[in-house]
Amino acid sequence: GKYQNAIMQEGRTHDMYERIVLGVSALALILAQGTGAAELPKATQKALAELKLNASMLEGLDAELAVPKAWLDGAAKEKEVIILGTWDDKQFPTMTAAFRERYPSVKLNYHRAPTASRGMRVVIALKEGRVVADVLTSIADAYDEFDKIKAFADLRDVPGFKNLASDYVASDGTWVSHKLSFRCMGYNTARVKKEELPQKWDDLLTNPRWRDGKLAVSNHPNAWLLALWSGLGDEWGRKFTKQLFEVVRPQRRKEGMTAATALTVAGEFDANIPAPEWRVKEYAEKGAPLGYHCPAPVPITVSQIVMLDKSPHKNGARLFINWILSREGQLLQYADSYAVPVHEALQSSRFVPFSDTITGKRRLVRDDGVLGSETDKKMSEMWNSYWTGSGGGKK
């Protein structure tokens with residue numbers, strides 16, 4: 001009995017030892033997987049947790065955020081950066097929380113601004129000798145006017161510039177992209193069968209199912225048609241536009257893209273073009289009968305970000321642009337609004353809403369440099385003649 005008790009005690013000790021070893025090993029594995037996570041800003045840790053991503057997703061971040069000390073010192077003296085953009089006023093503070101943790105001495109003075117306020121009004125002010133902003137996003141139709149007066153600073157010295165593929169940056173460094181946008185179809189899933197969706201844009205013209213007001217278009221051809229027209233050529237563009245209005249006869253809606261998408265949910269029509277993929281995803285996640293579909297090729301717009309060459313807060317502006325182009329900035333932007341990253345390391349279907357309708361298809365990218373081009377003028381003239389004329393579809 002004495003020997004048996006000793007053997008049993010030895011067995012219990014061995015089991016306990018094994019459990020301790022296994023526990024320590026598991027803890028070591030967890031710590032190894034999350035190495036560096038504790039040093040990340042709290043906002044970044046929160047985003048990683050919500051997205052169920054490992055901190056290894058941000059490997060290389062320190063190198064991306066390494067900037068000259070002169071920039072940090074200069075930004076602290078400048079104290080603020082004035083930004084005019086398209087981010088939602090409520091989303092921006094959440095999206096940039098990690099930036100504020102990293103650079104507490106730099107105030108981001110952000111204003112959500114309509115097209116004219118971040119475009120021609122800034123150009124006019126510059127011509128009058130006034131600088132009303134440091135950083136602008138999505139300058140759209142005013143691009144040419146900015147370019148004529150050489151208003152943009154060269155961003156090639158910003159470390160984040162090299163995080164992007166050549167399609168998403170200006171060769172002279174005057175702009176970089178901070179997100180990608182797909183501009184395809186939103187459709188009511190209670191009214192449209194998947195097999196009815198057009199595989200190519202030309203299928204939209206030949207299938208009677210989409211005719212006589214079942215499809216709606218809003219007055220934003222440069223968000224989708226311009227990329228297609230530029231990539232497929234003038235002959236295709238003219239033919240497609242003519243048949244769209246004369247054969248398909250879509251509803252011509254005065255609402256914006258977001259409002260038109262909401263009307264698709266309400267059943268005002270069966271589908272709308274162009275539909276913002278991030279807004280469709282928000283509706284779908286709330287249980288709305290809304291789906292997203294991209295015929296081939298997929299039209300993409302890149303949202304540009306620029307710094308004015310006469311910016312009085314250049315150091316802080318560089319810090320912000322570099323941060324938004326970093327893995328961290330891109331990840332927080334996605335976490336906040338499903339904005340598709342442009343960072344080369346984050347080019348994954350994981351970060352593309354409705355990737356099943358986009359991945360593997362040819363893409364046609366439109367940047368703001370195409371706006372105001374001869375192609376844009378041809379497209380706009382034809383589109384506007386139908387939009388304002390008596391022919392075409394229902395208004």
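**Entry 1: Leu155**

I started at Leu155, which sits in the loop between α8 (143–148) and β4. The model is a predicted one, and I read every value below as computed from it. Is Leu155 buried or exposed? I found Leu155 buried, because its relative accessible area is 1% and the cut-off for buried is under 20%.

Next I looked up what touches Leu155, leaving out residues up to four places away in sequence. The list is Phe161, Gly173, Trp175, Val176, Ile305, Met307 and Ile321. I also checked Arg318: its C-alpha lies 8.0 Å from that of Leu155, although 163 residues separate the two in sequence.

**Entry 2: the whole chain**

I then took the totals. The protein has 395 residues, and 51% of them count as buried. I noted 16 helices and 10 strands. Of the contacts between residues at least 6 apart in sequence, 75% join residues at least 24 apart.

**Entry 3: helix α10**

Which residues of α10 are buried? In this helix, residues 225–232, I noted Leu225, Leu226, Ala227, Leu228 and Trp229 as buried. I looked for what covers them and found, among others, the helices α9 (201–206), α11 (234–248) and α16 (374–388), together with β9 and β10 (363–366). After α10 comes Gly233, and I recorded a positive phi for Gly233, near 100°.

**Entry 4: α12 against α13**

I turned to the pair α12 (residues 257–266) and α13 (residues 277–285). Their packing angle is about 35°, and the axes are 10 Å apart. The crossing of α12 past α13 is right-handed. From α12, the contact uses Thr258, Thr261, Ala262 and Val265; from α13, it uses Arg279, Val280 and Tyr283. By class, I have 4 nonpolar, 2 polar and 1 charged in this contact.

An α-helix has 3.6 residues a turn, so residues three or four places apart point the same way.

**Entry 5: the largest pocket**

How much space lies in the largest pocket? I noted about 1,100 Å³. The lining has 38 residues, and those closest to the pocket centre are Thr86, Arg118, Ser138, Arg183 and Met257. The lining divides into 13 nonpolar, 14 polar and 11 charged residues.

Conventions
Residues are numbered from 1 along each chain as its sequence is written. This is a predicted model: local features need pLDDT of at least 70, side-chain atom pairs count only at pLDDT 80 or more; totals for chains, interfaces and linings use all residues. Side-chain values use heavy atoms; hydrogens and water are left out. Axes are lines fitted to C-alpha atoms, for helices over the stretch in contact, and angles run from 0 to 180 degrees between N-to-C directions. Helices (H or I, at least four residues) and strands (E, at least two) are DSSP runs, numbered from the N terminus. A crossing is left-handed if the near helix is turned anticlockwise from the far one by less than a right angle, and right-handed if clockwise. Contact means heavy atoms within 4.5 Å. Ala, Val, Leu, Ile, Met, Phe, Trp, Tyr, Cys and Pro count as nonpolar, Asp, Glu, Lys and Arg as charged, and the others, Gly among them, as polar. On a 1 Å grid over the protein atoms alone, a cavity is a set of points where a 1.4 Å probe fits but cannot get out, and a pocket is an open set with protein on both sides within 12 Å along at least five of seven lines; lining residues have an atom within 4 Å of a point. Grid points are joined across faces, edges and corners, and a volume is the space filled by probe spheres set on the points. Buried means under 20% relative accessible area, exposed over 50%, partly exposed in between (1.4 Å probe, protein chains only).
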